[in-house]
Amino acid sequence: MSHLKEQRFFIGRQPILNRKKELYGYELLFRAASHHQSAQFESQAQASASVIATALSDFGFQEILGDKYGFLNITSNVLHSEMLELLPIEQSVLEILENIELDDTVRDRCSELKAQGFMIALDDHVYNPDHSPFYKMVDIIKVDIMATDPDELPRIAADLRKFPVQLLAERVETVEEFEKCVEYGFELFQGYFFERPVVLDQRRIDPSGIAMMKLLQQLNEDWDINEIEETFRENPSLTFNLLKLVNSVMIGMREKIKNLRHAIMILGINHLRRWVQLALYAGKDNQGLNSPLLEMAAVRGRLMELLMMQRTGHDRTSDLVESAFLTGVLSLLDALYETSMEHIVESLNLSDDVAAALLRREGTLGILLHLAERLEKTDFSAVQLVLDTTGITFDQLLAAQLDAFSWRSGINRDREEDEAE
C-alpha cells in the first residue's frame, strides 16, 4: 500500500441532521484525485484503509468536522485491523458496510469496539429479524429510503424501533420525505432536502445575539472597518440582514452592491449602529451554530474567496475576491428564506457579476460556485472536470477546502468559548 500513501484525495462531507434540522455529523468520503475516477483503488478495502491511515490522520479530524461526528465506511479487513485505533473515539461512527456478513465474528469485534467507546452503525441496512443480536448492540441503523419500498418503510421502521437504536434515513431529498420519516420514527437524516425551498414566502433568520453584541461593541468603540467586516464574514445571517438593510434604507439608489465592504460603506456606521441596537431587542437565535445552511454558506464563501485569490493573485481586500466570498455566502439564501433566487437577486440589488453567478452559474464567480457545489455533493468526477477548465490545481483546491473547514471550525470554537464565559 505504499503507493496509496502518495495518493491525493478529494474530501467529501455529506451532512447528517437531527429532527430539528440541526447538524449532527458528516459522512466522510474520500476519493483519489485522478482523471480516471473508476480506477482509483485495487479494492474497496484498500480505499477504506487508505482513508484512515493517511487522509484522516494527515488532514485532522477536528479541522474537517469541528465538534460533529464523523461517519466512516468500514470494510471487513479494516474492521478486524488495529488501524481503527488511529481514529478519535469520541467523534468516530464506524459504518459497517452492507456487504459484510453479520456473523458471530463481526459481532464479537463490534462488541470490542463498543467497549472502547466507538459508536457503531449498520450502513444501507435491510431489516432481518435474524440480526436481532446486532440491533441490541449497535447505535445507529441507516436505511436507504430510495432502495426501500415506500409501503414497507413504516413497518420496517416500527420493527427496528423495538430496539435501542437511532434510525437514520439516507437519501432524503425532499421536505415531504423528511416529514414522513420523522412520522415513522427516524431520528437522523442524510440528504440534501434542507437545500430545497418548499414555500415561496419571506422567512426571517435572526442573527446570533452574541455576534450582534460583538458588532455593537465594535461600532461603539470605533473599530477599524476591517474588524467590522470580519464580524460579518464570520456570521452569514448578519450578512443577509445587512444587505436587506442597505436596500431598505437606500431605496432607489443606482449603485449596485459589489461586496461586504461596499455594503458597509454605502450604509454608513451610524445607520449600522442604529440597526444593531434595534435588532438586539427584536432578534432571537434560530439554529445558530448547528444550522446546516449557514454552515455550508460560510464554508462556500471562504472556499470561493481562497480560490479567487489563487486564480488572480489578488489579496482579500480586492473587489473580485470580496465578490467571490459574497457569492458563496448568498448562494443558499433561496433555501434559507424559502423563496426564489430571482427574487433575492432583485431585492438585494447585486452587481451583474454576482447576479449572473447566482442565477445561471455564469462567469468566473459562477464557475467557482459550481465547483464548490459539486465538491459538497461529492461529485468528484465533475470536480475534476471543472478544475481542468479553470487552471486551479488539485493542491490549491485541497488547501482551500481544508482552510475553509478549519476557518469555520475555529469560528465555532471561539463562539462556544464566548458563550461559556
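I began with T327 and looked up its contacts (heavy atoms within 4.5 Å): leaving aside neighbours within four places in sequence, they are M304, V354, A357, L358, L365 and L369. The model is a predicted one, in which local features need pLDDT of at least 70, side-chain atom pairs count only at pLDDT 80 or more, and totals for chains, interfaces and linings use all residues. Residues are numbered from 1 along each chain as its sequence is written, and side-chain values use heavy atoms, with hydrogens and water left out.

I then placed T327 in helix α14, residues 319-330, where helices are DSSP runs of H or I with at least four residues and strands are runs of E with at least two, numbered from the N terminus. T327 has a relative accessible area of 0% and therefore counts as buried, the term for values under 20% with a 1.4 Å probe and protein chains only. I also noted that T327 and L365, 38 residues apart in sequence, are 7.3 Å apart in space, C-alpha to C-alpha.

I found 14 residues in its lining, with R13, V299, E376, Q401 and F405 nearest the centre. The elements giving two or more residues to this lining are β1 (9-18), α13 (292-312), α18 (363-376) and α20 (394-420), and α13 gives the most, with four residues.

Definitions and conventions
Buried means under 20% relative accessible area, exposed over 50%, partly exposed in between (1.4 Å probe, protein chains only). On a 1 Å grid over the protein atoms alone, a cavity is a set of points where a 1.4 Å probe fits but cannot get out, and a pocket is an open set with protein on both sides within 12 Å along at least five of seven lines; lining residues have an atom within 4 Å of a point.
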